[in-house]
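I opened the model to look up a few local features. My entries follow the order in which I checked them.

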Amino acid sequence: MWYSYAIIRVVPRVERGEFLNVGVVLFAREQEFLGARIEADPRRLLGLAANLDLGAVERHLATFQAITDGVPAGGPIAALPPAERFHWLVSPRSTMIQTSPVHVGRSADPARALEDLLEEFVRPVSSSSGN
């Protein structure tokens, strides 16, 4: 079954356009699935922007997750149906938390696809090649 996804990014200084991938949001209409996984590594974020307010980043990402999960901490947007929440989350914006363009994929297990995308696009590449 088809799903849509976007990479969640932290953009410390919007005017510079530099970012770090910190998560994935995935919507699968047929399975009625909307989920996000966020793994923001403070060391990597500070490597990108040494003066970054990590507390602010954590608060914004927590709100993103709350909206995805449809819980009250996400405010009025969290009360929308999953498709509308997804479209709101991935709409273009000029803030510290942004998403990539939306892409599509296929999987019978959207939760597994979400984990696979997190591994591919967010987690640091393993240096276990022995070089």
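**Entry 1: a loop residue**

I located Val11 in the loop between β1 and β2; helices (H or I, at least four residues) and strands (E, at least two) are DSSP runs, numbered from the N terminus. The model is predicted, so I kept to its limits: local features need pLDDT of at least 70, side-chain atom pairs count only at pLDDT 80 or more, and totals for chains, interfaces and linings use all residues. Residues are numbered from 1 along each chain as its sequence is written, and side-chain values use heavy atoms, with hydrogens and water left out.

I found Val11 buried, at a relative accessible area of 4% (buried is under 20%, exposed over 50%, partly exposed in between, with a 1.4 Å probe and protein chains only). I listed what Val11 touches, not counting residues up to four places away in sequence: Glu18, Phe19, Thr95, Met96 and Gln98 (contact means heavy atoms within 4.5 Å). I also noted Ala49, which is 38 residues from Val11 in sequence and 9.3 Å from it in space, C-alpha to C-alpha.

**Entry 2: α2 against α3**

I looked up how α2 (residues 54-69) packs on α3 (residues 82-89): the angle is about 155° and the axes are 9 Å apart. Axes are lines fitted to C-alpha atoms, for helices over the stretch in contact, and angles run from 0 to 180 degrees between N-to-C directions. The two helices, α2 and α3, are therefore roughly antiparallel (over 145 degrees; under 35 is roughly parallel, 65 to 115 roughly perpendicular, the rest oblique). On the α2 side I recorded Phe64, Ile67, Thr68 and Asp69, and on the α3 side Arg85, Trp88 and Leu89.

I then took up Thr68, which sits in α2 and is buried, with a relative accessible area of 1%. A polar atom of the Thr68 side chain lies 3.0 Å from the backbone oxygen of Phe64. Leaving out residues up to four places away in sequence, I have Thr68 touching Val25, Leu34, Gly35, Ala36, Arg85 and Leu89.

**Entry 3: α4**

I checked the length of α4 (residues 110-121): at 1.5 Å a residue, its twelve residues should span 16 Å, and the end C-alpha atoms are 16 Å apart, which agrees. The expected span is 1.5 Å times one less than the number of residues.

I noted Pro110, Ala113, Leu114, Glu115, Leu117 and Leu118 as buried in α4. The buried residues of α4 pack against β1 (2-10), β2 (20-28) and β3 (33-38). At the N-terminal end of α4, I found Asp109 as the cap, with a side-chain oxygen 3.3 Å from the backbone nitrogen of Ala111.

Key: A polar contact is a pair of N or O atoms within 3.5 Å; within protein, one must be able to donate a hydrogen and the other to accept it, and residues adjacent in sequence count only if both atoms are side-chain atoms.
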